[in-house]
Amino acid sequence: MNMDEYFVLFREYMLVQKPSSVNTRDSYLRDVSAFLRYLEGENITSPLEVETETVEAYVQHLHSLNRTNSTISRNIASVRCFYKFLILRGDMQVNPAKSVKLEKEPKKLPQTLTSEEIDLLLSQPNVTEAKGCRDKAMLELLYATGIRVSELINLNIDDVSITGGFIRCESGGKTRIIPLYPEAVQALH
C-alpha cells in the first residue's frame, strides 16, 4: 500500500470508529497528512518503514518551521494515533512515536485586565433591556466575587441576600458566604 491508501484507511477509522470532536479529527487528519508528506520528502515510501529516529527527525523538522511546543505535541499525538491504528490493523507491532519525548509548553500566568478594560467590560450590557440587566448582574457578580461560572449558574434566588450584601455559594460540599460591593448589589437588585 502507498501513503495515500494508508491515509484513506486512517480517515475512515477516524470518521467511523474513533470517537472524537470534529476539530480533533480534522487536526489529526491534517497532522498525519503533513507527516506522510514529510516521509515522502525523506524518500520513505511506506509508513511501515518508520522508526523512532524518523519521528524524532520529524519533531526537529517541525522545530525548524518554528512551530510551537503545543503544536508539535499535538502533531506527535496525531502520529501516535495513526500508528496505534496501524497496530490495530496488524500492520505494525510497535508504535515508533510512543517513546518520543517532547518539551512541555511553559505554563503561562493568566493575564489580568486593566481597570479601564474592566470598566469597558462592565459597561457593555444594555441595561435598558431585561437581558442586558441580567448580563450586567452576572458580570458584576463574577467580578465582585471571583466565583466560577459553574457556581454562578448554580446560584438560586435564595442564595442571594441583597439586603445583607452577600451571596451563599455551595461548591464541592462546602458553603461560602461571599460579601458583595455596592455596584454588584445594585446590579442584582
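## Basis of the model

The model is predicted: local features need pLDDT of at least 70, side-chain atom pairs count only at pLDDT 80 or more, and totals for chains, interfaces and linings use all residues. Residues are numbered from 1 along each chain as its sequence is written, and side-chain values use heavy atoms, with hydrogens and water left out.

## Overall fold

The chain has 8 helices and 3 strands. Helices (H or I, at least four residues) and strands (E, at least two) are DSSP runs, numbered from the N terminus. Read from the N terminus, the order of elements is α-α-α-α-α-α-α-β-β-β-α.

The C-alpha trace spans about 75 × 35 × 35 Å along its principal axes. The radius of gyration of the chain is 26 Å, whereas a compact globule of 189 residues would have one near 16 Å. This radius is taken over C-alpha atoms, and the globule rule is 2.2 Å times the number of residues to the power 0.38. Of the 189 residues, 33% count as buried; buried means under 20% relative accessible area, exposed over 50%, and partly exposed in between (1.4 Å probe, protein chains only). Contact means heavy atoms within 4.5 Å. Among contacts between residues at least 6 apart in sequence, 49% join residues at least 24 apart.

## Helix 2 against helix 4

The axes of helix 2 (residues 22–41) and helix 4 (residues 69–89) come within 8 Å and cross at roughly 85 degrees. Helix 2 is therefore roughly perpendicular to helix 4. Axes are lines fitted to C-alpha atoms, for helices over the stretch in contact, and angles run from 0 to 180 degrees between N-to-C directions. Angles under 35 degrees count as roughly parallel, over 145 as roughly antiparallel, 65 to 115 as roughly perpendicular and the rest as oblique.

Helix 2 contributes Ser27, Tyr28, Asp31, Val32, Phe35, Leu36 and Leu39 to the contact, and helix 4 contributes Arg74, Asn75, Ala77, Ser78, Val79, Cys81, Phe82 and Tyr83. By class, this contact has 10 nonpolar, 3 polar and 2 charged residues. Ala, Val, Leu, Ile, Met, Phe, Trp, Tyr, Cys and Pro count as nonpolar, Asp, Glu, Lys and Arg as charged, and the others, Gly among them, as polar.

Asn75 lies in helix 4 and is buried, with a relative accessible area of 6%. Leaving aside neighbours within four places in sequence, Asn75 is in contact with Asp31, Tyr58 and Leu62.

Thr24 belongs to helix 2 and counts as partly exposed, at 30% relative accessibility. Thr24 and Ser78 are 54 residues apart in sequence, and their C-alpha atoms are 9.2 Å apart in space.

The 3 strands form an open sheet in the order 1-2-3, with antiparallel pairing. Strand 1 (160–161) and strand 3 are the edge strands, each pairing on one side only. Two strands pair if DSSP finds at least two bridges between them.

Strand 1 and strand 2 are joined by 2 bridges, and Ser161 stands opposite Phe166 in strand 2. Their hairpin has 4 residues between the strands, and Gly165 in the turn has a positive phi of about 70 degrees. Between strand 2 (residues 166–171) and strand 3 (residues 174–179) there are 6 bridges. In strand 3, Pro179 stands opposite Phe166, Ile178 is the bridge partner of Ile167, and Arg176 is that of Cys169. This second hairpin has 2 residues between its strands, with Gly172 in the turn at a positive phi of about 65 degrees.
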